[in-house]
Amino acid sequence: NFQENSTVSVRVARGLNGHLEGLLDETDWSGEFCFVQAADTQFGLISRYIDKADPQPADSPTNRDADIAKEVHLTRRLVSEVNAISPAPRFLIVCGDMIDAFPVAVRDENGEQRREREQRRQRQLRAFADCFRQLRSDVPLVCVCGNHDIGDAPTPESVGIYRQTWGDDYFEFWIGGCQMLVVNSQYYVNSSQVPEEKSAMTRWLMTRLSQSKPTHRILFMHVPPFLTDAHSDADSYFTLPKADRLPLLDACLEAGVSAIFCGHYHRNAGGVYRDKLPVVVTSAVGAQIGNDRHGYRLVNVAKDAVRHSYVDLACEPVNLTNGADGCKACQ
């Protein structure tokens, strides 16, 4: 049983006090399993950024959710394909930017502009909930904090809005003897207004990484540490700054993290840190800004390895009985 999220109104497995409510703490290895990683459903971005459509008033009767129709279609396809996977994934995780509209701060703009922005955000949240309400009941939905979910420069207010809407912004859960760690990457990007939040999350993460190594330890975040190479990639909008990137990677490497899964780039990318730690950057369910197709990642967790493949949403559902080989047409 997963707690009903009263704001999003969908069955989201919510982080609370550093743990994911509703998921059993399965600390013992119980056999091979799979999960689905997606990123950047980002309802509203295709219309705003790709199509460059003029925004309609959020409450306009002529709007009829036209500005989020493409993301609705793609997300429904994602849910349909996840529902068809056999055996069922243990969970579906969306690595940030669930919707496009930023949380609205009290001090933003004038009252009318603020009201319209919040109406647009609530409409995107409802559409997200409507899509994932169709997810099969034995596959919990796990959400990771992205920059559009909390703001490019988080504030105490935006952190509060996020937690009220989605639950904790960093937490852990255990599946089949594997420790899953979720962090809020935006604290690494810009914590100037919430330095205490970054410090608290860093202490929390270092404590979890110092525990005895489980069968696998997997980290999820929105902004990737790097896109191709940890040392040569410059600081950019799409990566963590090196000042935080390298210490985080070194800590994960020392702790035996099996893989780091990210989103944010709206393209597939990634690399291997020091020939040992894979950083996997998954393209978007929603808007694409490169040559990749809308899709998601199938991850198979065996005792000896974590394997994954990217699946194009234009492909047929994939049977994972023999491992996460993915769709051959997408390889």
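Ile99, Ala101, Pro103, Arg121, His148, Asp149 and Trp166 line the largest cavity of this protein, in a model that is predicted. That cavity has a volume of about 30 Å³, and a search of the whole structure finds one cavity of 30 Å³ or more. The protein is built from eight helices and 13 strands, and buried residues make up 57% of its 331 residues.

**Cavity and pocket**

- Rolling a probe the size of a water molecule over the atoms shows where empty space is left.
- Sorted by class, the residues that line the largest cavity comprise four nonpolar, one polar and two charged.
- The second largest pocket holds about 220 Å³ of space, and its lining is made up of 13 residues, with Gln42, Leu45, His148, Tyr237 and His266 lying nearest its centre.
- His148 belongs to the lining of the largest cavity and is also one of the residues nearest the centre of the second largest pocket.
- Helix H1 gives the most to the lining of the second largest pocket, contributing three residues, and by class this lining has six nonpolar, four polar and three charged residues.

- Thr41 sits in the loop that runs between strand S3 (33-38) and helix H1 (45-50).
- With a relative accessible area of 0%, Thr41 is buried, because the limit for that class is under 20%.
- The side chain of Thr41 reaches the backbone oxygen of Met98 at a distance of 2.8 Å.
- When residues up to four places away in sequence are left out, Thr41 touches Glu71, Thr75, Val94, Asp97, Met98, Phe128, Phe132, Val285 and Gly286.

**Cysteines**

- How many disulfides does the structure hold? The number is zero.
- For Cys143, the closest cysteine sulfur is that of Cys95, and because the two sulfurs are 9.8 Å apart, they are too far from each other for a bond; the cut-off for a disulfide is a pair of sulfur atoms within 2.5 Å.
- Cys143 has a relative accessibility of 5% and therefore counts as buried.
- Cys34, at 5% relative accessibility, likewise counts as buried.

**Backbone geometry**

- Most residues other than glycine have a negative phi, and most peptide bonds are trans.
- The peptide bond from Ser86 to Pro87 is cis, with omega near -5°, and Pro87 is placed in the loop between helix H2 (69-84) and strand S4 (92-94).
- Arg274 is a residue other than glycine with a positive phi, near 50°, and its position is in the loop between strand S10 (269-273) and strand S11 (277-281).
- Asp275, which is not a glycine either, has a positive phi of about 60° and lies in the loop between S10 and S11.
- Is Asp275 buried or exposed? Asp275 is exposed, because its relative accessible area of 75% is over the 50% that marks this class.

Technical notes:
Residues are numbered from 1 along each chain as its sequence is written. This is a predicted model: local features need pLDDT of at least 70, side-chain atom pairs count only at pLDDT 80 or more; totals for chains, interfaces and linings use all residues. Side-chain values use heavy atoms; hydrogens and water are left out. Helices (H or I, at least four residues) and strands (E, at least two) are DSSP runs, numbered from the N terminus. Buried means under 20% relative accessible area, exposed over 50%, partly exposed in between (1.4 Å probe, protein chains only). A polar contact is a pair of N or O atoms within 3.5 Å; within protein, one must be able to donate a hydrogen and the other to accept it, and residues adjacent in sequence count only if both atoms are side-chain atoms. Contact means heavy atoms within 4.5 Å. On a 1 Å grid over the protein atoms alone, a cavity is a set of points where a 1.4 Å probe fits but cannot get out, and a pocket is an open set with protein on both sides within 12 Å along at least five of seven lines; lining residues have an atom within 4 Å of a point. Grid points are joined across faces, edges and corners, and a volume is the space filled by probe spheres set on the points. Ala, Val, Leu, Ile, Met, Phe, Trp, Tyr, Cys and Pro count as nonpolar, Asp, Glu, Lys and Arg as charged, and the others, Gly among them, as polar.
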